Amino acid sequence: MGCASSVYVLGKKKKVPVPELVVFVPSLWIPAHSDVQRPLTGSIPNDLADKLTCLRNQILLVAEDTGGSAIPELRRALEEYLPLLIGLTGQGLEELVEFKWKNLEDRRQETCVANSLFELLSVIHMMAVLTLSEANSVMIPKDYSGTGVRIISTDCKREAVDLLLKASGFLEFCFKEVIPRIPPEIKMKLPKDFQEGVLESISIQALGQGTEIQLGLAVESQKASLSVKRRLACEQLIYYSQAFRCLAEVDYGYSFGKKHIWFIKWKFLEAKAASYYYHGLFLDKASEPSSHISAVCCFLAAEEFLMHSKKALLSFCLAPPVTRDPPLWGAMKHLHQKIPEVASRKSQMYGYLLEEEKALQALPELPDFQLSLRPDDYQLPEIDTTWDSKSWEIQSQTLKDHLKDCEEIET
């Protein structure tokens, strides 16, 4: 999953690495061997076809050799490949090459599509997954000792937010710009991981995770007001609600589908607990008895949602592939202690009001806020100048070469 690993000792036999996810990282799809050069012979210059083939093979080899962990090298190769690939999405060349991609975690999953827009979609999806994997690594300290105490620098948190916005932008480009251009008969051949609802859900939840990190920074800051914390918690809740709704009509058979759903449920419940806690604090500042009653209802609801979030976290960790329970960090590290304390104290303090005004014991509605985070605006790079057809010198294929190619295909 492109996530950091920890090591647990099971019994006394052997050490088994158990990965940890702070940021949800979808399954990584990488290029599989495809014959790019032969179908393009006679349509584009040989040196251009050679360059396309070499760069694609480089991405394949690095991804396979490193399991997708060599993120800087893969990003450079993908960014170098894209300007060349864009030339294949026009000029009547879209369906000449059969592009193959495979799931790195499950090699049995392989998709072959004769359409360059599928290749473009796969490349940008790979860039998004690598970026999410990098954000996950940033949020897991390299010197983590397994003591349950996690210290992440402010710079790392801000870097993670930037990476999440970037990944969200990649995915938004996929489902808004690329997929709508793919013919319906080709869409039916796409991997289930590339369903529009799945891509949109992961894009939106990345914004939710960015907001979660911002809430953690606000909790740690003495300058952040209660209003700011409440707004961030409520925004986080809205993002996860939207991410879950995106999955309403998708086929859950995509890679890590069940795990993905449990991740959203876990984060949704945490966000709901945080939202009601901070809304309760806000209401409790008023002097009216009704406000105190509403505040207590919020605190008790927050405690209940927190309890359910712990169960959802366990289900997430156990859903395949199994991952380790991450230590508490950010806002939830603070709220796991504060919510039970405040709920207990305020219930005792205003218990008499709850008994006297039972009709007012309704859970108040949370305020609605305009969402702050947006995906980064991703634009395709300029097409490589090699595609300038005015300078092309296309070599015609001899009969001997043609017959040789046919023999290689048959064998």
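A disulfide is taken here as a pair of cysteine sulfur atoms within 2.5 Å. By this criterion, the structure, a predicted model, holds zero disulfides. The sulfur of Cys 298 illustrates the point: the closest cysteine sulfur, in Cys 297, lies 7.1 Å away, which is too far for a bond because a disulfide requires the two atoms to be within 2.5 Å. Cys 298 is buried, with a relative accessibility of 0%, whereas Cys 112 is partly exposed, with a relative accessible area of 35%.

The packing of helix α7 (residues 196–220) against helix α8 (residues 226–245) was examined next. The two axes are 8 Å apart and form an angle of about 165°. Because angles over 145 degrees count as roughly antiparallel, α7 and α8 are assigned to that arrangement. The crossing of α7 past α8 is left-handed. The contact is formed by residues of α7 including Ser 201, Ile 204, Leu 207, Gly 208, Thr 211, Glu 212 and Leu 215, which meet residues of α8, among them Lys 229, Leu 232, Ala 233, Gln 236, Tyr 239 and Tyr 240. By residue class, this contact of α7 with α8 comprises 10 nonpolar, eight polar and three charged residues.

A further helix, α9 (residues 257–284), contains Lys 267. Lys 267 counts as buried because its relative accessibility is 1%, under the 20% limit for that class. With residues up to four places away in sequence not counted, Lys 267 touches Glu 212, Gln 236 and Tyr 240. Glu 212 in α7, and Gln 236 and Tyr 240 in α8, also belong to the contact between those two helices.

Methods: Residues are numbered from 1 along each chain as its sequence is written. This is a predicted model: local features need pLDDT of at least 70, side-chain atom pairs count only at pLDDT 80 or more; totals for chains, interfaces and linings use all residues. Side-chain values use heavy atoms; hydrogens and water are left out. Buried means under 20% relative accessible area, exposed over 50%, partly exposed in between (1.4 Å probe, protein chains only). Helices (H or I, at least four residues) and strands (E, at least two) are DSSP runs, numbered from the N terminus. Contact means heavy atoms within 4.5 Å. Axes are lines fitted to C-alpha atoms, for helices over the stretch in contact, and angles run from 0 to 180 degrees between N-to-C directions. Angles under 35 degrees count as roughly parallel, over 145 as roughly antiparallel, 65 to 115 as roughly perpendicular and the rest as oblique. A crossing is left-handed if the near helix is turned anticlockwise from the far one by less than a right angle, and right-handed if clockwise. Ala, Val, Leu, Ile, Met, Phe, Trp, Tyr, Cys and Pro count as nonpolar, Asp, Glu, Lys and Arg as charged, and the others, Gly among them, as polar.
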